[in-house]
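Have a look at the picture below, and then we will go through it step by step.

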Amino acid sequence: MADNRVAKGIVLVPCLLLGGAFLATAIWGQGAAADNRGLAASIGVALLLAGLGAQWLSNESAQTDSDRSEKTP
């Protein structure tokens, strides 16, 4: 279970940080960054969804694994 928690953190933290950075660039970007606002926003949202999706999927699998272990005598 501890390995699963570490793996979730390794995926979640960079995805959230990079997603936030891309969204900030899309909102406050100037110059060349302003030309690519749509791209930066879509990458930022995709990274945020990927990080949160990895967190959600691993929680689901952890619950099903614990359910299986409780049923086994």
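Helices here are DSSP runs of H or I with at least four residues, strands are runs of E with at least two, and both are numbered from the N terminus. What you see is a predicted model, in which local features need pLDDT of at least 70, side-chain atom pairs count only at pLDDT 80 or more, and totals for chains, interfaces and linings use all residues. Residues are numbered from 1 along each chain as its sequence is written, and side-chain values use heavy atoms, with hydrogens and water left out.

The protein chain has three helices and zero strands, so its elements read α-α-α from the N terminus on. Of its 73 residues, 15% count as buried, where buried means under 20% relative accessible area, exposed over 50%, and partly exposed in between (1.4 Å probe, protein chains only).

L18, F22, L39 and I43 make a nonpolar patch of about 330 Å². Patch residues have over 30% relative accessible area and no salt bridge; like charges are joined within 9 Å, and nonpolar side chains (Val, Leu, Ile, Met, Phe, Trp, Tyr) within 5 Å. A salt bridge is a side-chain nitrogen of Lys or Arg within 4 Å of a carboxyl oxygen of Asp or Glu. Areas come from the Shrake-Rupley method with a 1.4 Å probe, and for residues only the protein chains shown count as cover. Helices α1 (2-28) and α3 (37-71) each supply at least two residues of this patch.

G38 lies in helix α3 and is exposed, at 53%. G38 and A26 are twelve residues apart in sequence, with 7.1 Å between their C-alpha atoms.
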